[in-house]
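Please open the structure in a viewer and keep the selection tool at hand.

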Amino acid sequence: MTNDPYFIDFPARIQAIQHEMKKDGVNVYLGSRLRTLSWTTDAFFPWRSYIVIPPDGLPTAFTFVIDAARAADDSWLDSDHVLGFAPMGGQDQITAVSDLIKSYLPESGGVVGVEAGMSNYLPEGNLTHYEYEAFEAALAGHKLVNALDIVDRLAMIKDEGTINRFRKAGRMADAGHQAVYAAIIDGGFKKYTETQIAGIAALGMRDAGSVWEWSFTGGNEIASGYRTGYMGGACTPPTERHLQPGEPLMVDLHSTFRLGLGDHTHNYLLAPATERQKWHAKNFVDLVSLCLQTYAPGISPSSLADKMMVFCEERGFAEFMVPGFEHGIGMLGDEWRIGRNDGPFPYWTNPDHVYQEGEMLICALQYACPEENIGFRYENAILITKDGCETMSKYPLAVEVIE
Amino acid sequence: MTALKYLSPEWATEAAKRLREQLTPEMMKNLTSSMITLYHHCPDGKERALYYKIENGVFTDISVREAPMPQAEFVISGDYDTFAKISRAEIGSRSALMNGKLRLTGNMVKALSLASIVDRFNKILSEIPCEY
């Protein structure tokens with residue numbers, strides 16, 4: 001037992017994978033996705049890395065040798081189970097990893113589960129074509145099968161330690177918002193560019209203990225003016241654009257706490273704000289509010305989208321909405337698909353995925369009116385609870401007019 | 001000193017003597033480990049190994065072995081000719097590793113921390129007059 005609210009039973013996770021491996025006829029699991037590394041090791045692996053999970057006993061992670069000692073220090077695994085690879089005889093990643101895998105395989109031929117597929121998330125980490133062929137050659141006589149569903153199905157329902165890490169990361173994002181608010185009020189915004197707002201938020205979050213603005217989409221995503229209103233635009237790395245009166249400001253913050261991720265967007269209107277801008281803002285806030293009230297076990301991405309778009313139609317702003325209201329989330333590296341790879345388009349979210357209690361996702365809405373140079377984004381990590389959802393960030397929902 | 005035949009029992013005895021004399025436990029960082037350099041394609045066609053056992057910075061065993069080879073924490077393997085070239089300073093051991101002429105088995109991170117120690121005793125071994 002432990003009193004650490006952020007405790008995760010990683011050995012139990014490995015045993016759960018090994019149990020599923022046996023059921024699926026997999027002798028050794030070769031993980032290569034960042035999400036798998038995070039979920040199994042409790043350490044950040046920014047370099048190309050692998051984890052070899054044997055039928056029984058401890059797994060062994062491999063990473064670029066320059067970072068192996070640090071990763072071992074951060075992980076629950078010891079330094080004998082976090083190894084480095086390097087471009088040297090016997091120590092290149094294909095040789096080092098396949099040599100270990102072979103030691104676990106029956107000589108008569110075994111099955112190696114690998115992680116293959118595709119993603120629109122660049123740091124996903126599926127095996128490359130070259131790696132697949134190289135491992136296949138190095139493991140001649142054995143069979144490689146795609147087994148990523150094992151980790152995906154086990155990682156779907158979040159345990160208490162993971163949820164608490166996300167709660168903490170959510171509070172850190174809130175600290176970033178507070179820092180931004182303090183900087184921009186009373187005309188303060190006129191002094192800053194988008195990049196400076198990103199930095200102010202970063203300092204606020206770091207002061208609160210966040211270790212990284214984790215998003216691959218540009219760290220803290222800040223947009224002002226017309227950049228808030230890109231059609232379908234849900235990715236705004238900050239620029240040196242100066243904040244200007246009369247424009248919207250979108251502040252999308254990303255904090256990290258023990259591989260748990262904070263992701264929250266707050267929006268402002270920099271005074272003076274027109275009645276039309278306020279109308280857009282009210283549409284957006286009301287829709288986000290309805291969306292958060294709707295998330296619950298039993299609904300699906302498509303059923304939620306249908307309901308939200310009916311509301312948008314009734315209020316006369318459907319043309320400004322991107323008809324998607326979520327993306328997946330898990331420990332660092334798990335940022336895209338909701339649930340398992342079981343939808344009509346391989347490796348994308350299944351629109352009919354039915355949410356269950358204990359799942360987490362990012363409630364994500366993008367409102368954009370390029371013709372009027374205005375848009376808003378909402379993101380917040382949410383936990384599906386018994387009869388609704390819990391937001392990880394507690395920052396009050398509003399589009400504030402900053403004088 | 002007359003030249004000794006590389007990897008002969010006489011060479012191994014001289015190697016052990018020099019290593020023990022010239023490397024103090026402090027210079028060896030009080031290391032406890034074991035290492036084999038495995039020589040493929042020796043001139044007589046056999047495979048041989050030079051086995052080092054180090055306890056608290058002291059060489060407790062330096063011996064030339066033939067199959068069955070003992071277990072060791074680190075194994076560096078390659079052709080006899082490659083090791084001979086390294087001993088004659090014709091190529092560097094790092095270069096041989098980086099070019100894949102030598103193969104290292106063992107924890108790479110630990111191996112990095114031991115690289116300077118291995119350099120020290122390789123230098124001592126390279127000073128033994130020998131014929132190949």
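The model on display is a predicted one.

Domain 1 of chain A contributes 20 residues to the contact, and domain 2 of chain A contributes 12 residues. On the side of domain 1 of chain A that touches domain 2 of chain A, select helix 2 (34–41) and helix 6 (149–155) of chain A, each of which supplies at least two residues. Helix 2 of chain A gives the most to that side, with five residues. Colouring this side of domain 1 of chain A by residue class shows nine nonpolar, five polar and six charged residues.

The tour now moves to the core. The largest nonpolar core comprises 140 residues. Both domain 1 (10–155) and domain 2 (160–402) of chain A provide at least three residues each to this core. Select strand 11 (residues 360–369) of chain A, which gives the most to this core, with nine residues.

Which residues have the most contacts inside this core? They are Tyr29(A), Ala201(A), Cys363(A) and Ile382(A).

As a last stop, centre the view on Tyr29(A). Leaving aside residues up to four places away in sequence, Tyr29(A) touches Ile17(A), Met21(A), Ile53(A), Gly113(A), Ala147(A) and Ile150(A).

Methods
Residues are numbered from 1 along each chain as its sequence is written. Chains are lettered from A and ligands numbered from 1 in the order in which they are written. This is a predicted model: local features need pLDDT of at least 70, side-chain atom pairs count only at pLDDT 80 or more; totals for chains, interfaces and linings use all residues. Two residues are in contact if their C-beta atoms, placed from the backbone, lie within 7 Å. Helices (H or I, at least four residues) and strands (E, at least two) are DSSP runs, numbered from the N terminus. Ala, Val, Leu, Ile, Met, Phe, Trp, Tyr, Cys and Pro count as nonpolar, Asp, Glu, Lys and Arg as charged, and the others, Gly among them, as polar. A nonpolar core is a set of buried Ala, Val, Leu, Ile, Met, Phe, Trp, Tyr and Cys residues joined through C-beta atoms within 7 Å. A residue is buried if 20 or more other C-beta atoms lie within 10 Å of its own, exposed if 12 or fewer, and partly exposed in between; C-beta atoms are placed from the backbone. Domain bounds come from an automatic or database domain assignment.
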